[in-house]
2 protein chains.
Amino acid sequence: MSASAIGYGVPVARWEPGARERLSAAALELVDEQGFDDTTTAQVAARAGLSERTFFRHFADKREALFAGGDRFEAAYVDAVVAAAPGASPWEVLVAGLAGGATFFSEERREHSRRRDRVISSHPALRERELLKLAALAGSVAAAMRERGIAEPTATLAAESCVTVFRIAFERWLRPDETRDLVTLQDEVLARLAELPPGSGQPM
Amino acid sequence: MSASAIGYGVPVARWEPGARERLSAAALELVDEQGFDDTTTAQVAARAGLSERTFFRHFADKREALFAGGDRFEAAYVDAVVAAAPGASPWEVLVAGLAGGATFFSEERREHSRRRDRVISSHPALRERELLKLAALAGSVAAAMRERGIAEPTATLAAESCVTVFRIAFERWLRPDETRDLVTLQDEVLARLAELPPGSGQPM
């Protein structure tokens with residue numbers, strides 16, 4: 001579809017390079033500074049140097065601006081599940097998914113992630129949205145596992161375990177005094193998960 | 001606290017025996033018949049033979065009326081985790097929690113659960129609320145595990161696995177042609193979960 005077909009009836013050249021990223025960064029800054037309830041979409045647009053109309057071409061509301069990277073985050077997991085070696089066991093695919101997801105969270109990203117976590121934790125509506133995002137991630141990972149021929153209920157069990165391990169390790173990665181990388185922390189949690197079933201090791 | 005202390009300033013004797021249950025049943029019926037968006041709190045109250053004021057003494061909105069049993073549901077899991085044998089392994093506590101939760105879903109309840117599931121699945125706001133309920137359940141089970149002395153991250157891994165196994169087995173229990181009880185279905189899913197870690201059995 002051409003730009004003129006999309007923009008028919010409204011002036012063209014509305015697309016601003018990097019607008020989505022600027023709006024998302026501005027939303028994070030403002031909510032961190034003054035709280036979610038006191039931040040308006042007009043303020044976010046102004047901070048990004050853009051109009052409020054531009055804001056609404058990218059996001060339905062201020063909450064969504066804080067979840068802008070969700071698609072790439074999910075793709076990092078799903079792509080790794082799809083790319084795992086042929087014949088890999090469900091556990092190996094789970095581990096591959098975790099490794100793929102961890103590439104999204106480089107050391108340079110840690111401070112940004114800490115700030116975002118502080119913002120998300122500050123408001124129930126944001127915590128809910130984050131939970132729903134992780135539930136959707138588990139659903140997508142399970143679908144990618146089934147695509148590989150992994151049967152249910154194993155696909156869903158492995159996908160949910162993948163997201164739980166990530167969530168626990170990610171929380172640790174964000175701690176102020178934590179310096180280890182996410183892969184190391186995920187490996188520690190994976191080792192505890194492997195011990196859970198009977199006959200697999202230490203009881204506690 | 002006495003009834004007069006609670007009711008100070010408003011007429012007493014507002015409490016209707018079974019009002020909460022009647023309102024919840026009326027909400028389920030009406031939403032099943034005419035959809036969530038087209039159902040009002042006034043209609044729910046009328047169907048239950050109660051006033052709208054009584055409705056709002058029990059529930060904040062129509063959505064909450066569909067989640068009335070949530071507290072007892074969660075208590076069934078948490079009580080079973082607390083009551084598990086001293087020295088039980090995290091896996092044994094997980095299994096005990098699942099067995100406790102299953103007591104909530106007797107055969108007589110299956111048709112009601114199918115109807116409720118149909119209603120919840122019909123609207124995104126209800127599906128979100130259900131996901132948040134299960135996330136809260138996992139948090140409560142993890143807290144009960146930590147109370148038993150089970151360390152993190154094992155407590156959270158076991159609690160999340162407990163909820164995932166329940167969710168998968170419960171979905172199967174609701175299928176129109178399914179006649180096996182929830183405990184049997186949970187045991188099948190647990191067997192697949194036990195096989196997931198490396199060296200624990202079949203690869204797929």
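**Notes on the model**

1. A:R114 is buried, its relative accessible area being 17% (buried means under 20% relative accessible area, exposed over 50%, partly exposed in between, with a 1.4 Å probe and protein chains only). The side chain of A:R114 forms a salt bridge with that of A:E111 at 2.6 Å, N to O; a salt bridge is a side-chain nitrogen of Lys or Arg within 4 Å of a carboxyl oxygen of Asp or Glu. A:E111, at 52% relative accessibility, counts as exposed. Because A:E111 and A:R114 are 3 residues apart in helix 8 (residues 110-121) of chain A, about one helical turn separates them. Helices (H or I, at least four residues) are DSSP runs, numbered from the N terminus.

2. On provenance, this is a predicted model in which local features need pLDDT of at least 70 and side-chain atom pairs count only at pLDDT 80 or more, while totals for chains, interfaces and linings use all residues. Residues are numbered from 1 along each chain as its sequence is written, chains are lettered from A and ligands numbered from 1 in the order in which they are written, and side-chain values use heavy atoms, with hydrogens and water left out.

3. Further salt bridges deserve attention; the count over all chains is 28. A:R180 and A:E178 pair through their side chains at 2.8 Å, N to O. Of these, A:R180 is partly exposed at 37% relative accessibility, whereas A:E178 is buried at 12%.

4. In chain B, the side chains of B:E130 and B:R116 meet in a salt bridge of 3.1 Å, N to O. This pair links distant parts of the chain, with B:E130 in helix 9 and B:R116 in helix 8 (residues 110-121), 14 residues apart. Both B:E130 and B:R116 are buried. Elsewhere, A:E29, A:E33 and A:R47 are joined into one network by salt bridges that share partners.

5. A:E130 belongs to helix 9 (residues 124-147) of chain A and counts as buried at 17% relative accessibility. Apart from neighbours within four places in sequence, A:E130 is in contact with A:F67, A:R116 and A:I120, where contact means heavy atoms within 4.5 Å. The C-alpha atoms of A:E130 and A:G70 are separated by 9.6 Å, the two residues being 60 apart along the chain.

6. The bond from A:E152 to A:P153 is cis, with omega near 5°, and A:P153 is placed in the loop between helix 9 and helix 10 (154-173) of chain A. A cis bond also joins B:E152 and B:P153, with omega about 5°; B:P153 is in the loop between helix 9 and helix 10 of chain B.

7. How many residues does the contact take from chain B and from chain A? It takes 33 from chain B and 33 from chain A. The buried area is about 2,900 Å², with carbon and sulfur atoms giving 75%; this is the accessible area (1.4 Å probe) that two parts lose on being put together, summed over both. The count between the chains is 2 salt bridges, among them A:R167 with B:E160 at 2.5 Å, N to O. Helix 10 of chain B supplies the largest share of the side of chain B that touches chain A, 11 residues.

8. The copies meet through the same surface, because 100% of the interface residues of chain B are also interface residues in chain A.

Technical notes
Helices (H or I, at least four residues) and strands (E, at least two) are DSSP runs, numbered from the N terminus.
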